[in-house]
Amino acid sequence: MLFEALAEPNRRRILDFLLERERPVHDLVDLLRVSQPAVSKHLRVLREAGLVTSRVDAQRRLYRLRAEPLRQLDDWLAPYRATWETRLDALETHLEEMP
C-alpha cells in the first residue's frame with residue numbers, strides 16, 4: 001500500500017508540502033491547483049497508507065506528515081542504496097584510472 005500511495009505524483013507533492021508544515025485541505029488545493037475532491041481522495045490514500053494524519057482545528061481539518069512509514073521505507077532501501085553507492089564508487093575509480 002505504501003508504494004501505491006507514493007507512486008502518484010500529486011501524492012508525493014502533498015507529502016512535500018506537508019514536510020514544511022501541517023496544512024488544511026484548501027491550502028493543498030491552492031498549491032496543487034487541482035480540485036478539492038481530488039485532493040481529498042489523495043489524502044485518503046495517504047492516510048490509509050499511514051503517511052499522513054489529521055486533526056480537527058475549529059472548522060477545518062489539518063493534515064501533517066507521519067515520518068514513521070518513510071523511516072521504515074528508508075530502512076528497507078538501505079542495502080540497495082549501499083549496493084548502488086558501491087557500484088558508483090567503482091565507476092568513479094575506473095574513470096579516474098582511465099588515461
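Is R33 buried or exposed? R33 is exposed, because its relative accessible area is 77%; exposed means over 50%, buried under 20%, and partly exposed in between (1.4 Å probe, protein chains only).

The model is predicted: local features need pLDDT of at least 70, side-chain atom pairs count only at pLDDT 80 or more, and totals for chains, interfaces and linings use all residues. Residues are numbered from 1 along each chain as its sequence is written, and side-chain values use heavy atoms, without hydrogens and water.

**View 1. Two loop residues with positive phi.** R33 sits in the loop between α3 (25–32) and α4. Helices (H or I, at least four residues) and strands (E, at least two) are DSSP runs, numbered from the N terminus. Phi of R33 is near 60°. A58, in the loop between β2 and β3, also has phi near 60°. A58 is exposed at 67% relative accessibility. Most residues other than glycine have a negative phi.

**View 2. H42 in helix α4.** H42 belongs to α4 (residues 36–48). H42 is buried, because its relative accessibility is 12%. Its side chain makes a polar contact with the side chain of R11 at 3.2 Å (a pair of N or O atoms within 3.5 Å; within protein, one must be able to donate a hydrogen and the other to accept it, and residues adjacent in sequence count only if both atoms are side-chain atoms).

**View 3. The open sheet.** Three strands take the order β1-β3-β2, with antiparallel pairing; two strands pair if DSSP finds at least two bridges between them. β1 (23–24) and β2 (52–57) are the edge strands. Six bridges join β2 to β3 (residues 60–65). V52 has L65 as its bridge partner in β3.
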